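Here's a quick briefing for anyone meeting this structure for the first time. Take a look at it below, then read on.

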Amino acid sequence: MDLSVDRHPDHRRRGGGPVDQKGGCVMEPILKARGLVKRYGRVTALDECDFDLYPGEILAVIGDNGAGKSSLIKALSGAVRPDEGQIFLDGTEVHFGSPLEAREAGIETVYQNLALSPALSIADNMFLGREIRRPGFMGQYLRMLDHKAMGRIAREKLNDLGLLTIQNIDQPVETLSGGQRQGVAVARAAAFGSRVVIMDEPTAALGVKESRKVLELIQDVRSRGLPIVLISHNMPHVFEVADRIHVHRLGKRLCVIDPKLASMNDAVALMTGAKQPEASLMAA
Amino acid sequence: MDLSVDRHPDHRRRGGGPVDQKGGCVMEPILKARGLVKRYGRVTALDECDFDLYPGEILAVIGDNGAGKSSLIKALSGAVRPDEGQIFLDGTEVHFGSPLEAREAGIETVYQNLALSPALSIADNMFLGREIRRPGFMGQYLRMLDHKAMGRIAREKLNDLGLLTIQNIDQPVETLSGGQRQGVAVARAAAFGSRVVIMDEPTAALGVKESRKVLELIQDVRSRGLPIVLISHNMPHVFEVADRIHVHRLGKRLCVIDPKLASMNDAVALMTGAKQPEASLMAA
Amino acid sequence: MASEARGPQGFETAIHTGPGTVAEFHHKRSAVSQIRHVLHQTPSIVPLLVLIVAIVVFGLILGGRFFSAYALTLILQQVAITGIVGAAQSLVVLTAGIDLSVGAIMVLTSVVMGQFTFRYGLPPFFAVACGIGVGALIGYINGFLVARVKLPPFIVTLGMWQIVLATNFLYSANETIRAQDIETKAPLLQIFGETVRVGGAVLTYGAIMMLVIVFALAYVLRQTAWGRHVYAVGDDPLAAELAGVQVKRVLISVYVCAGVICALAGWALIGRLGSVSPTSGQFENINSITAVVIGGISLFGGRGSILGMLFGALIVGVFSLGLGMYGTDPQWTYLLIGILIIAAVAVDQWIRKAAA
Amino acid sequence: MASEARGPQGFETAIHTGPGTVAEFHHKRSAVSQIRHVLHQTPSIVPLLVLIVAIVVFGLILGGRFFSAYALTLILQQVAITGIVGAAQSLVVLTAGIDLSVGAIMVLTSVVMGQFTFRYGLPPFFAVACGIGVGALIGYINGFLVARVKLPPFIVTLGMWQIVLATNFLYSANETIRAQDIETKAPLLQIFGETVRVGGAVLTYGAIMMLVIVFALAYVLRQTAWGRHVYAVGDDPLAAELAGVQVKRVLISVYVCAGVICALAGWALIGRLGSVSPTSGQFENINSITAVVIGGISLFGGRGSILGMLFGALIVGVFSLGLGMYGTDPQWTYLLIGILIIAAVAVDQWIRKAAA
Amino acid sequence: ADVSACLITKTDTNPFFVKMKEGASEEAKKLGVQLKTYAGKVDGDNESQVAAIETCIADHAKGILIAASDTKAIVPSVKKARDAGILVIALDTPLDPIDAADATFATDNMKAGELIGQWAKATVGDKADDAKIAMLDLAVSQPSVGVLRDQGFLQGFGIDLGDPKKWGDETDPRVVGHEVTAGNEEGGRKAMETLLAKDSGINLVYTINEPAAAGAYQALKAVGMQDGVTIVSVDGGCPGVQNVQEGVIGATSQQYPLKMASLGIEAIAKFAEDGSKPQPTEGKSFFDTGVQLVTDKPVDGVESIDTKEGLKLCWG
Ligand SMILES: Nc1ncnc2c1ncn2[C@@H]1O[C@H](COP(=O)(O)OP(=O)(O)OP(=O)(O)O)[C@@H](O)[C@H]1O
Ligand SMILES: Nc1ncnc2c1ncn2[C@@H]1O[C@H](COP(=O)(O)OP(=O)(O)OP(=O)(O)O)[C@@H](O)[C@H]1O
Ligand SMILES: [Mg+2]
Ligand SMILES: [Mg+2]
């Protein structure tokens, strides 16, 4: 059943994107997990789950509701401590005790519930936990924040995402519409991710146009060389941007397919259990 | 700009569905709103908005994030009191002071945030506010609830929706996955709606398969003769099931288009403001 | 204009051939996890266990004196007031509120019952009815401010506490009505002080009323629509409102109900003290909250059972009597009850976490 | 296998031709809504206005006696303790907690400072340090139980209140240390009772310390990362955790900080009373919560400013002094303060609603 | 009236202080003194009293009457008031040191306790050696009145006090235990029940005041022991004396708050007039307003008045 990529180290990657461009033969995954287990009381959300993300790729993760996708993401980003299993970043094992530790290692995540503080301003939210201090005495000794610099940078990042309509960078996040909030969360991750960017259903609440903006942003981030993990239930979106597709089922990785070889039909059949994995669809 | 149906009472409806079958020439909307205005502090969420729902049809409502779709729905279902404007049910003006009043008038709604009580059981949630009492003395005088009957009915309704995997109808809703919760909310509305069923993004968090189930359920409900209002950002879904499409923009109804005459492209162009409404796309 | 093909998108055809199940997981059910599951499902079991352990431990230490029908029923008598007030508090806490004014309402209503009888010479029956009416009125004001004006319950009842207590002192002029006067002129006021003896066991009508109120509320909360609505409102008021619960009406009814129960506590208080004393009951707000908390009702609303509150009140009762009989300095008792509060909740939390 | 065409779906092409804006609405800005908006943005303005109105009204009623530099600075002196404790309370309330043990910590630390000096003969400087250490320790225990064991703050501090108060009585043996003794042997303990006179104005170092603490905390909360994190934790701890805030560490630091501030209040208390009295401060938890609430800090966390708390404390101070000078019965004062609490929050709520 | 005076009591809920206030108000009206009253929230609430003194200073009062909650801790504030030229008279409870106030009109609480102790000893007679005594005290914080009355009673009964500044450290087996009552019926009943459960042979009950005694009586009545047990108390309020008359309480030490208050007001009026300060009772460091034992069962060697007399002198 487990036909995932690590069983075939000798195959050449056939996917598009920057991975191929580098033409590496035995490329090391930048983020790798083996045998992750996470139980919530009587529910096993992750059941010996494996995961591989290669440098510069967009990896989509698809699966039924409740398959354990968000749980996997949370384990990878330090939001949840797996009961068993190992996680490797660039080949060395890591143990993230908190989301902050993962973030400091360069893994930036957009969670399904956004993780924004409603009463804080947009700028405060974007820089939460990585505030910029003023230069000189005020910053050094009185630890004063540089609100101006943070506001400027936040605005730039939002503009990149086409969220021009936000008039006031100091307005509390709670005054934004659902779509605008999602935009802030995505902009934050895209702006600060240095190794890996993970996005859990970033377009679920977004309109057609706003979704498109996010997809463009994802491709943008990838073109900066950063690999991205994208969870989505939207097959056309997944097949449009993904280099490889991780199919999650019943708490584990069922297989990894290549969107250029497999059809949406195949993907849906695999994730719902209508079909067993076949070698011909697999990503290398 | 306002090319909506009430300006053309002499046109025949061209849409499919039961409305056409009855062949009525000047059919009265079952749910009608005129000039709805709702302001949140400095934001005008509804700006002189009109609305018409005809008997037996599926009316989709589409629009950008923050266009005011949910606000419209809340006004129609009594969750929010509009500042101005009138609402008519079957031609008579109504003033819903609370969601309960709308519900008692037969309007059942699935809200974007689901409106479930996490700590209560599935059955309790489905029957909240319309509990069934025991027959005889216990029910009459001691007001004892008939937990058994409610459990049975709840299970039936969930089975209709294909949510067979819920093992225990008495388990608290908080133990369900996001998708299962959405299923419970949809099942509740479908089971109890007697005049109109309104669904605000019922498939946003759902997987491919679960979404399909909900779409089938919607068509099922329509075939029972109930009209449905469906809000969705998913164009393929909208064009698949809708009889008419209400395009919402900047807090008001821009126009109503016929999915058989207009393309998805037209719809997206209209809702994003890339295109002005044209008579050729309009639903009668 | 061209329109796209209608019907399911191509990739969705696979769905109907798949198995009929969505994600499911293997459920382990070891003996330990079973127990934890049961504990989790019925949160009032934990305080019940603590209660039993406490009784057994004190019984072992103190021997027959403690383990007698007299001492055990004495505990019931001693917690009667806290138990009744705790029932009112439980209702409010279940709606995610808190009522700091319960003790003050209780005292004021007992004073009203007494003064209406003795100052104005009204028939005792009518005075009691007035007392209950005053309780309901104050409850209504609390409920109105919480539900309609949407003020936080903590603040409303903090203010109301001061207002009611001050009113109590101003109205009563701090005058105690003596037990002997009540006995001769208005025995109805003392009715809940009457005792029923069965062997060594001594039960007052007040203790019996507490049990009746608690069990009646337990029934109402579990078995009636209103009870389910109370839980729903405490759980998520917005969701409850949208789901068709008349949140404001439920909230107001809960506070009125709490006010009435406090008035009954005021009546029972006259029975317990014999006299009407405006300085009583100043700690019943803390006592009732302690009982509620030890009994495992969540201060965030929507979770817990009123039986738990009863056990919580009894636990405190067992500790204070047990420690008192053991001869502990009252200050040490005070300290131990503080530790007990924290420990009880820590145990509760541990079970919830383990069984989550 | 055939694969679908990649790239945007057909119907999405229209997007790029549309105008570059998403939904936007016309913003009305009448004068009234402007004012409401300002009030909404800076929540501490409301209590400030109430404060000014109260001072003016009492000034008009009582004339020069009240409207003198002496009386007005007297208010500052009288609220100094509540203001300092209120600063600690504000920190905790901003994290969506509540600290019922503040008053008890304050008294115990003042007793520790006194007893360490007089019972064990330690140098006053060292005794003060020990007192502050005790405050920090109790704060740490509170914080540990709240952040790590995940118990509700209300319960942790309810239990801690009883524990600390009982410890205080047991340890001090209810003995007051007399002012004369402190004056001669350890004047350091009384330092915050020293006064600075400017004309008729009389300021104690204690009042000055309160102002320093409040303004320093206002700076820290607004201008430093830690301050922003306190707000984030109070707002939504889960979101804050995911966004990279070390929620547990922030929580613990807040409670430790509150403990230290309470210890400073204990030191100031010795200055204010002259002596060390183990029975003082039993109402500081209610007083500080009242100040916080009237000052517009939300009990649900994450909203409000510490300056508001200062104004809240001053409002209560103005009312107590004003009503006292007017000769009102103390019970009427309590009653009015009760009404004031509810009214203050109702006004706040009205503004929030109107400007939502 | 331009003479203004302040009355600061420990609480304004205890009937004792309520009556004291009424007495002061009446006298003040008679003498044309403007009286303002203040009180702590509970017995032991020192800070409210400090704030009250400050308010009086700011208000330019001529004199302050204070029943101090913490007799030592209030001294610096009293000094401030005296420095501001205000006459400070301690009522009910002497300050520590006693000369911190200009004058003291007080009852000797220790003496009040001793009287009932002696009476109890004489009443139980031979059985004094195997008496079982329940001590119903005021509060865990051990405010001074509570300690003085408690220790006075034990001294009068002839029990070794240990440290006379606190209760609870006695080793005499005749003391069954101490419980706190908050000085009201509710606390009295619960404390009595607890001690009864501890030892059902209790035959003598000391109570801090008459409400606590009434509560204790209810507890005894509930188990049918009301006739075999002697209750003694302190205060001498009218309901209390009535209870003595009806046999609920064996004896009580009566105090005279009205007298203290009216004397205090008079003194302030006089001070405002000619600057003269009241003088203490001969041989004592304070002006003793007296305490008398009220009982209908007088015993030899302890002076007492009967309840008829007591009811004439009682205060409310
Ligand atoms: N904190 C939690 N406590 C208890 N159970 C949980 C928790 N988080 C997740 N689960 C359970 O674990 C399983 C996997 O959940 P997860 O959120 O990972 O699914 P998902 O694949 O992200 O689903 P979706 O597509 O709906 O977001 C579900 O059955 C869910 O109910
Ligand atoms: N309770 C509220 N308080 C303040 N503003 C609100 C509130 N509800 C909605 N709004 C504002 O009203 C506008 C319309 O919101 P609404 O939720 O109706 O949009 P929508 O069309 O449903 O968007 P989406 O597709 O994101 O759900 C938005 O600008 C939103 O910020
Ligand atoms: Mg998920
Ligand atoms: Mg919406």
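Let's start at ligand 1, where an oxygen atom of the ligand is 2.9 Å from an N or O atom in the side chain of A:H233; that makes a polar contact, meaning a pair of N or O atoms within 3.5 Å. The protein covers 75% of the 630 Å² of accessible area that ligand 1 has on its own, with areas worked out by the Shrake-Rupley method using a 1.4 Å probe. Keep in mind that this is a predicted model, where local features need pLDDT of at least 70 and side-chain atom pairs count only at pLDDT 80 or more, while totals for chains, interfaces and linings use all residues. Residues are numbered from 1 along each chain as its sequence is written, chains are lettered from A and ligands numbered from 1 in the order in which they are written, and side-chain values use heavy atoms, with hydrogens and water left out.

**Around ligand 1**

- Ligand 1 has 16 residues around it, and the closest are A:G66, A:G68, A:K69, A:S70 and A:S71; a residue belongs here if one of its heavy atoms lies within 4 Å of the ligand.
- Those surrounding residues come from chains A and B, so the site is shared between chains.
- A:S70 puts a polar side-chain atom 2.6 Å from an oxygen atom of ligand 1.
- A:G66 uses its backbone instead, with an N or O atom 2.8 Å from an oxygen atom of the ligand.
- The shell splits into four nonpolar, nine polar and three charged residues; here Ala, Val, Leu, Ile, Met, Phe, Trp, Tyr, Cys and Pro count as nonpolar, Asp, Glu, Lys and Arg as charged, and the others, Gly among them, as polar.
- α2(A) gives the most to this shell, with three residues.

**Chain A overall**

- Chain A has 10 helices and 10 strands, taken as DSSP runs (helices H or I, at least four residues; strands E, at least two) and numbered from the N terminus.
- Of the 284 residues in chain A, 63% are buried, that is, under 20% relative accessible area with a 1.4 Å probe, protein chains only.

**A helix in chain C**

- Helix α9 (residues 225-235) of chain C has nine of its 11 residues buried, so it is largely enclosed by the rest of the structure.
- Among the buried residues of α9(C) are C:H229, C:Y231 and C:D235.
- The buried residues of α9(C) pack against α4 (122-126) of chain B, along with α3 (69-94), α8 (205-223), α10 (237-242) and α11 (247-273) of chain C; contact means heavy atoms within 4.5 Å.

Definitions and conventions:
Buried means under 20% relative accessible area, exposed over 50%, partly exposed in between (1.4 Å probe, protein chains only). A polar contact is a pair of N or O atoms within 3.5 Å; within protein, one must be able to donate a hydrogen and the other to accept it, and residues adjacent in sequence count only if both atoms are side-chain atoms.
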